[in-house]
Amino acid sequence: MRLVIVGASLAGLRAAQAARRAGHDGELVVIGAEPHLPYTRPPLSKELLQGRQELEDSALPVDELDVRWRLSTEATGLDRTRRRVRLRDGAEESYDRLIIATGCRARRFDGPGGGLPGVHTLRTLEDAVALRAALAATHRLLVVGAGFIGCEVAASARSLGLAVTMVDIASHPLAPFGPALGERWAQMHRDHGVELRLGVGLEGLYGDASGARVAGARLSDGSSVDADTVLIALGSTLNNEWLTGAGLELDPAVACDRTLTSTHDPDILAAGDIASVPAALAGGARVRVEHWTTAAEHGQLAGRNALADHAERESHTAPPYFWTDQYDAKIQALGCPALAEETPLLELAPDGTRLVAACVREGRAIGVVAVNAARRLAWYRRALQTPQPLGELAAALAQDGSSLGNPGGARR
Ligand SMILES: Cc1cc2nc3c(=O)[nH]c(=O)nc-3n(C[C@H](O)[C@H](O)[C@H](O)COP(=O)(O)OP(=O)(O)OC[C@H]3O[C@@H](n4cnc5c(N)ncnc54)[C@H](O)[C@@H]3O)c2cc1C
């Protein structure tokens with residue numbers, strides 16, 4: 001059996017490792033557009049940018065996998081009838097089973113000045129190296145987009161002593177966590193010296209007198225911000241173009257069942273940021289999770305499942321989980337915070353630095369967000385396999401002796 005994996009990053013590597021571990025002794029080909037063997041991205045916005053890690057620390061161990069790595073090689077098309085992946089150089093790779101793990105890329109700013117020198121995005125190792133070098137010569141950084149990557153880079157740049165302005169069209173940072181928690185994140189960034197410009201969009205970037213470098217940005221409220229480096233952190237775009245016309249269901253990620261199998265082809269599975277998979281905490285709706293742990297779990301499961309017939313494949317059942325590190329806060333989330341209508345506090349340490357908030361939709365908890373409360377997450381992981389009436393979750397919590405503390409009935 002010939003197993004081909006497209007995407008040589010976290011999900012693709014975990015799939016290859018799992019397939020070998022599960023006894024696959026046939027051909028194993030991993031096709032990756034980047035020139036590198038797989039590496040891990042989280043340090044790119046944190047330790048690497050802050051100078052606390054070097055490039056080589058991001059490498060993921062690839063073991064003795066007996067893989068044919070086809071790096072610097074982009075898949076450009078998929079012919080399911082002939083079971084072939086078409087490559088940029090005109091070559092093809094045939095497969096018996098295919099795992100799609102092509103993830104996302106950083107969205108660019110296509111408006112005025114988006115191509116000026118000094119304007120960065122952050123997704124790859126090269127991006128991180130370029131941004132790190134730029135920050136070493138920067139006085140004032142403008143971060144456009146207060147999502148996870150924007151907030152992490154703002155925090156890293158403050159740790160380097162740079163002046164940082166962060167702009168977002170939303171009224172608060174980390175929009176998927178909702179406005180109540182958003183107020184906390186906003187305060188955290190202000191407390192660390194970031195100038196926040198919320199509720200305003202980016203109209204365009206302008207260059208210096210010679211036009212050789214970015215010098216600032218015009219915002220939608222008519223104001224402008226000077227900056228000698230700009231990070232565009234406006235989210236991501238799926239790497240799904242190569243699947244156009246292949247007849248798979250794209251929503252626009254690869255629509256899968258719980259076993260990570262494409263809804264339209266039992267010989268094709270997907271894993272990681274590119275996969276859209278039913279989640280119990282979303283009431284069985286398909287969700288796409290753009291975070292590390294899910295990509296690793298998907299990869300492991302897809303690698304095993306690709307060896308089995310469809311009827312014998314296992315389901316992915318772990319709730320979505322992710323973390324982000326900003327300043328001295330480790331923010332972790334379980335479940336589907338982006339679908340929540342409110343985020344009442346469940347636990348609050350007396351000094352206010354640690355908390356757990358529920359993510360509630362239609363009266364049911366569908367996830368939690370924790371700040372500096374990593375140990376508490378194990379309890380919620382057990383308690384929250386499916387949506388739980390908030391009252392029942394609160395009652396179970398009241399019986400549990402290890403809570404951080406009562407938020408005093410605060411339903412914020
Ligand atoms: C800067 C940064 C910081 C992050 N920090 C955190 C964090 O703190 N916590 C957290 O939970 N998550 C974090 N993440 C998210 C996490 O890294 C991703 O969820 C994870 O990388 C997804 O892995 P993946 O293998 O699915 O996709 P990707 O890592 O996107 O890899 C996809 C690979 O496929 C390749 N590819 C794309 N198209 C093709 C093609 N046509 N042919 C061949 N190859 C192709 C790409 O070049 C890429 O190498 C961070 C991400 C970034 C960028």
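This is a predicted model: local features need pLDDT of at least 70, side-chain atom pairs count only at pLDDT 80 or more; totals for chains, interfaces and linings use all residues.
Local features need pLDDT of at least 70 and side-chain atom pairs count only at pLDDT 80 or more, while totals for chains, interfaces and linings use all residues. Residues are numbered from 1 along each chain as its sequence is written, and side-chain values use heavy atoms, with hydrogens and water left out.

Helix α1 covers residues 10-21; helices (H or I, at least four residues) and strands (E, at least two) are DSSP runs numbered from the N terminus. Its 12 residues reach 16 Å from first to last C-alpha, close to the expected 16 Å, where the expected span is 1.5 Å times one less than the number of residues. Of these 12 residues, 11 are buried (under 20% relative accessible area; exposed is over 50%, partly exposed in between, with a 1.4 Å probe and protein chains only). The buried residues, including Leu10, Leu13 and Arg14, pack against β1, β2, β3, β7 and α6. Just after α1, glycine 23 has a positive phi of about 105°.

A salt bridge is a side-chain nitrogen of Lys or Arg within 4 Å of a carboxyl oxygen of Asp or Glu, and the count is 27. In one of them, arginine 2 pairs with glutamate 27 at 3.0 Å between the closest N and O atoms. Arginine 2 lies before β1 and glutamate 27 in the loop between α1 and β2, so the pair ties together parts 25 residues apart in sequence. Arginine 2 is buried at 14% relative accessible area, whereas glutamate 27 is partly exposed at 44%.

Key
Contact means heavy atoms within 4.5 Å.
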